[in-house]
Amino acid sequence: MNLVKLSFKNLISKPLNALLSLLLLVLSVALVTFMLQLSDQVKGNLDKNIKPVDLVVGAKGSPLQLVLSSVLHIDAPTGNIKLKDAEKLRKSRLVKTAVPVSYGDNYKGVRILGTETSYLKLYNAELATGELFSKSQQVVLGSTTAKKLQLKIGDTFLSSHGLADQSLEEHHGHPFKVVGILKPTGSVVDNLIITNLESIWDVHGHAEEEDDEHHHEEDLEVTSLLIQFSNPMAMMQLPRYINDKTNMQAALPSLEINRLVKLLGVGVQTIQLIAIANLLVSGLSIFISLLKAIRERRQELALLRTYGATATQLLWLVLLEGLFLGFIGYVIGWLIGRCGLWIISNYAQNSYGYTFNLATITKWEAILLVATLGITVVASVLASLSVFKLNVSKILSSEK
């Protein structure tokens with residue numbers, strides 16, 4: 001007797017009996033796998049982007065806003081700081097590397113970042129084609145930006161005021177020229193237009209004072225300074241000095257992002273708890289569904305006993321039916337969770353340049369599979385206990 005084949009036929013013979021159990025199981029698995037992957041991959045992308053930067057120095061305001069705007073490029077800056085103040089910090093013995101960044105313009109919603117070529121070294125960004133900017137109004141494009149904007153080497157464009165594509169005002173007379181395109185890095189660099197600081201100063205200096213061809217060094221500003229520490233003690237000394245002794249503020253990206261992740265984690269954990277509760281309810285539903293199926297198939301089971309099937313074999317018959325239900329529910333739920341992650345991945349790729357690995361299977365997803373099958377096994381065993389109490393002669397005589 002082929003128990004596997006028979007149990008599968010029993011499952012599909014009356015699909016409506018198991019439909020509710022399957023839907024609950026699919027929903028819970030989809031939610032758990034989606035939230036597990038989303039939280040892990042978002043955290044991974046955030047960690048990857050903040051890893052090269054130990055400290056961000058900028059104008060007074062929200063430290064989280066400073067990190068989001070200067071490192072992750074997903075918020076408005078807190079303001080500008082004087083270039084001369086930033087240069088003083090660069091000379092500190094506690095600073096290994098300091099990279100100034102400045103922005104305020106965009107092209108079709110893509111931020112234009114003014115900085116130095118050392119910024120590209122932070123993320124190990126390399127040229128795919130062309131060359132790096134060497135003078136004002138030259139730009140290099142991140143790989144995602146080049147595809148999104150359909151720009152190539154030699155193309156020119158005019159920037160718009162602001163960090164989002166909400167203004168039609170352009171800096172006429174100061175076109176940017178594409179001189180290089182970068183290889184994909186999987187970081188924020190992929191989603192930027194990068195130029196030198198002089199380009200930002202020239203555009204805004206001319207926009208405000210058409211007759212002024214030179215910048216006064218005292219008036220030059222940058223948005224922030226990205227710092228790498230020269231030694232472990234710098235993390236304790238430098239932020240305190242900047243916050244207490246200067247008109248600037250210092251923010252530790254790792255600290256601020258961890259706070260953000262913890263805040264978001266509350267919502268993630270709540271959704272996961274709801275999904276786990278659904279999983280337990282689906283286990284109860286499977287128990288009820290199998291118990292009902294056993295009662296409806298009492299004559300069939302009794303006939304199998306007369307043909308030589310043991311009570312243990314009948315138990316396996318019901319158990320396999322439950323395992324089929326659990327495995328099918330997990331697979332469908334996993335696929336739906338991945339579809340949701342794919343949708344979010346496309347949005348994150350277009351908006352922030354983040355890439356998600358859809359093929360990754362975490363250990364928690366493997367644990368979830370074991371837990372799902374475990375719940376179905378328990379439900380199946382409890383439901384099939386009545387198999388041992390079958391009164392074969394009585395059931396067959398009553399059905400005549």
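Q: Why does Y119 count as buried?
A: Buried means under 20% relative accessible area, exposed over 50% and partly exposed in between, using a 1.4 Å probe and protein chains only. Y119 has 0% relative accessibility, so Y119 counts as buried. This is a predicted model, where local features need pLDDT of at least 70, side-chain atom pairs count only at pLDDT 80 or more, and totals for chains, interfaces and linings use all residues. Residues are numbered from 1 along each chain as its sequence is written, and side-chain values use heavy atoms, leaving out hydrogens and water.

Q: What makes Y119 and Y123 a tilted aromatic pair?
A: Rings of Phe, Tyr and Trp (its six-membered ring) pair if their centres lie within 6.5 Å; planes under 30 degrees apart count as stacked, over 60 as edge-to-face and the rest as tilted. A search of the whole structure finds three aromatic pairs. In the pair of Y119 and Y123, the centres are 5.6 Å apart and the planes 55° apart, so the pair is tilted.

Q: What makes T376 buried, and where is T376 placed?
A: T376 has 1% relative accessibility, so T376 counts as buried. T376 belongs to helix 12 (residues 363-384); helices are DSSP runs (H or I, at least four residues), numbered from the N terminus.

Q: Which residues does T376 touch, not counting those up to four places away in sequence?
A: T376 touches I286, G322, L323 and G326, where contact means heavy atoms within 4.5 Å.

Conventions:
Helices (H or I, at least four residues) and strands (E, at least two) are DSSP runs, numbered from the N terminus.
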